[in-house]
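Please read them with the structure open.

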Amino acid sequence: MAKITIGILALQGAFAEHQSTLQRLSIPGWKVSAVQVRNPEELASCDALVIPGGESTTIALLARLSGLLEPLREFLKRKPVWGTCAGAILVSQKVENTKKGGQELLGGMSISIARNGWGSQAESFEAQLEVPGLKNPERSFSGVFIRAPVLLSLTRSPGDPPISIIARLPPSILPQLIPDSVKSDDEEDPRRVVAIRQGLHFLTTFHPELTSDDRFHEYFVRECVVPQLAARA
């Protein structure tokens, strides 16, 4: 059985929850090992990486202080990375609503995003998502949105990998949960997009790790990580 080592950037945020979920995955033909990453040496041992939710500015600052900022940028050029919530901000090309002083980014995905696009902690909510690409797609996934970012545009340039939309907020979501900044009758509006894949990389603006449902973690390993490792074998 082949082994996959998936790192979770463990500088701040919900990294322990991601590790627990990854460790209980069952992927036919593969043994998944999940490790916490806090320095360049630990990062170098990984086949893929999860950047968790938390506080994006703090994660970026701690990454710089740990000597991880440039190694992370290089990792994104070669290996699969999944950014959740704050991690989604860090893997973006452009961000709005930053703290004073701006926000360092890792890049890797051709999008612009708004930090805290839903508002403050008080505007956190859950939404039932219909996701055809997941295992058992007939069962909805409960998306947990906590101070979540909002996608503003999918800005793919010539030569960039195509962008696949994996999940959108349903039109039926309670109107009072949606702030004026993201209200729209347009089902193609990028602000309703909450999960995308581009090349090796994956992004969710919500927190799959805060549920007992492991299907988004299984999707990342099955669709982003395993094909790359199999191609290198």
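1. Start with Thr205. At 1% relative accessibility, this residue is under the 20% limit, so Thr205 counts as buried. Thr205 sits in the loop between strand E12 (201-204) and helix H6 (215-232). Keep in mind that this is a predicted model.

2. What does Thr205 touch, once residues up to four places away in sequence are set aside? The list is Cys85, Phe145, Ala148, Pro149, Leu151 and Val194. One of these, Cys85, turns up again at the largest pocket, among the residues closest to the pocket centre.

3. Overall make-up. The protein has six helices and twelve strands. Of its 233 residues, 52% count as buried. Take the contacts with a separation of 6 or more: 74% of them come from residues 24 or more positions apart.

4. The seven-stranded sheet. This sheet is open, its pairing is mixed, and the strand order is E2-E1-E3-E4-E12-E11-E10. On average, neighbouring strands here are turned by 15 degrees against each other, direction ignored.

5. E10 pairs with strand E11 (residues 193-198) in the antiparallel sense, and five bridges connect them. Which residue of E11 is the bridge partner of Ile163? That partner is Gln198. Gln198 also lines the second largest pocket.

6. The three-stranded sheet. A further open sheet has the order E5-E6-E9, again with mixed pairing. Its edges are strand E5 (94-96) and strand E9 (150-154); each has a single partner strand, so one side of each has no neighbour in the sheet.

7. Strand E6 (residues 111-114) and E9 run antiparallel, joined by four bridges. Ala114 has Val150, in E9, as its bridge partner.

8. Helix on sheet. H4 lies across strand E1 (2-9), strand E3 (48-51), strand E4 (81-84) and E12. Against E3, H4 runs at about 120 degrees.

9. Leu68. This residue lies in the loop between H3 and H4. Is Leu68 buried or exposed? Its relative accessibility is 0%, so Leu68 counts as buried. Beyond its neighbours within four places in sequence, Leu68 is in contact with Leu9, Leu11, Arg38, Asn39, Pro40, Leu43 and Ala63. Arg38 is 30 residues away from Leu68 in sequence, yet the C-alpha to C-alpha distance is 7.9 Å.

10. The cavity. How many cavities of 30 Å³ or more are there? The count is one. The largest cavity holds about 40 Å³ of space. Its lining is Leu9, Ile59, Ala60, Ala63, Leu69, Leu72, Leu90, Glu104, Leu105 and Leu106. Helix H3 (56-65) and helix H4 (69-78) are the elements that give two or more residues to this lining. H3 supplies the largest share, three residues. By class, the lining has nine nonpolar residues, no polar ones and one charged. Leu9 and Ala63 belong to this lining, and both are also contacts of Leu68.

11. The largest pocket. Its volume is about 190 Å³. Of the 17 lining residues, Gly54, Glu55, Cys85, Ile146 and Arg147 are the closest to the centre. The lining has seven nonpolar, seven polar and three charged residues.

12. The second largest pocket. The space here is about 150 Å³. Its lining comprises Leu76, Lys77, Gln93, Gly108, Met109, Ser110, Asp160, Pro161, Gln198, Gly199, Leu200 and His201. By class, four of the lining residues are nonpolar, six polar and two charged.

Definitions and conventions:
Residues are numbered from 1 along each chain as its sequence is written. This is a predicted model: local features need pLDDT of at least 70, side-chain atom pairs count only at pLDDT 80 or more; totals for chains, interfaces and linings use all residues. Side-chain values use heavy atoms; hydrogens and water are left out. On a 1 Å grid over the protein atoms alone, a cavity is a set of points where a 1.4 Å probe fits but cannot get out, and a pocket is an open set with protein on both sides within 12 Å along at least five of seven lines; lining residues have an atom within 4 Å of a point. Grid points are joined across faces, edges and corners, and a volume is the space filled by probe spheres set on the points. Ala, Val, Leu, Ile, Met, Phe, Trp, Tyr, Cys and Pro count as nonpolar, Asp, Glu, Lys and Arg as charged, and the others, Gly among them, as polar. Two strands pair if DSSP finds at least two bridges between them. Buried means under 20% relative accessible area, exposed over 50%, partly exposed in between (1.4 Å probe, protein chains only). Contact means heavy atoms within 4.5 Å. Axes are lines fitted to C-alpha atoms, for helices over the stretch in contact, and angles run from 0 to 180 degrees between N-to-C directions.
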